[in-house]
Amino acid sequence: MTQLTGQERALYVQSMFTKIAHRYDLMNRLMTGGQDIRWRRDVIRRARLTPNASLLDLGTGTGDLAREALTQEPRAKVTAADFTIEMMRVGNKNGNLEWSAADALNLPFKDKIFDAVVSGFLMRNVIDIQQALKEQYRALKPGGRIVILDTTRPKKNILSPFIWIHMHVIIPTVGGLLSGERDAYNYLPDTTEGFLTAEQLAARMTAAGFKNVDFKRFMFGTIAIHWGEK
């Protein structure tokens, strides 16, 4: 399904996440060996929240990053936003957050209102990366920070065959068994290989106007955290 483009792809992604919402968090733990919890902590640390800071967790899913933000800075003003209502509905069972239905390409927020915008596994699914970055830049206050956790296209190395097996055999098999939606867990590994390299995403962030852009890779080069400032 990665060959889909435009609105057709957006609708497919929304439908896919609706179907797997009830098993999304469990699969994240299994696919990453629980490392996604540590990565999310790192994302929020890099957001450098202060008391009463305003944070947007864009593509929040079930709200893991938003809850981590409140754990690290309980006085922060956190908005959890997603365009898949079912993901937020599942997340709402795990504690109340301030939820918002939002399209990453056309955010329903005023200019310059957030001190930080974070996202977890959002950018590989948007149909226009540059527009999504532009909207996040618009919503940030001057000096605000963007932090992106996502997959990244891995470099070829001695572990490449084992990474391929994990992504294209183990993940779809386990995901299919737990969620009944094997196609979704074929799509997710495919988007990793079809997504930008870490260097390319950093360049896109710079082109959108962000300064001091940098990144760090994890999990044999298949995951990266990017950050920058407005």
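Predicted model: local features only at pLDDT ≥ 70, side-chain atom pairs only at ≥ 80, totals over all residues.
Reader: What are α6 and α9 to each other?
Author: Oblique. Their axes come within 9 Å and cross at roughly 50°. Angles under 35 degrees count as roughly parallel, over 145 as roughly antiparallel, 65 to 115 as roughly perpendicular, and the rest as oblique. Axes are lines fitted to C-alpha atoms, for helices over the stretch in contact, with angles from 0 to 180 degrees between N-to-C directions.

Reader: Which residues of α6 and α9 meet?
Author: Ile129, Gln130 and Leu133 from α6 meet Leu201, Arg204, Met205 and Ala207 from α9. Contact means heavy atoms within 4.5 Å. By class, that is five nonpolar, one polar and one charged. Here Ala, Val, Leu, Ile, Met, Phe, Trp, Tyr, Cys and Pro count as nonpolar, Asp, Glu, Lys and Arg as charged, and the others, Gly among them, as polar.

Reader: Switching topic. Is Arg40 buried or exposed?
Author: Buried, because its relative accessibility is 7%. The cut-offs: buried is under 20% relative accessible area, exposed over 50%, partly exposed in between (1.4 Å probe, protein chains only). Arg40 is in helix α3.

Reader: What does Arg40 touch?
Author: Not counting residues up to four places away in sequence, Asn28, Arg29, Asp64, Leu65, Glu68, Phe121 and Leu149.

Reader: And Lys110, buried or exposed?
Author: Exposed, at 67% relative accessibility. Lys110 is in the loop between β3 (98-101) and β4 (114-120). Beyond neighbours within four places in sequence, Lys110 contacts Arg138 and Ala139.

Reader: Now the largest nonpolar core. Which residues touch the most other members?
Author: Val43, Ile44, Leu49, Leu55, Val118 and Ile225, out of 32 residues. A nonpolar core is a set of buried Ala, Val, Leu, Ile, Met, Phe, Trp, Tyr and Cys residues joined through side-chain atoms within 4.5 Å.

Reader: Which element gives the most to this core?
Author: α3, with four residues.

Technical notes
Residues numbered from 1 in each chain as written. Heavy atoms only, no water. Helix = DSSP H or I, 4+ residues; strand = E, 2+ residues; numbered from the N terminus.
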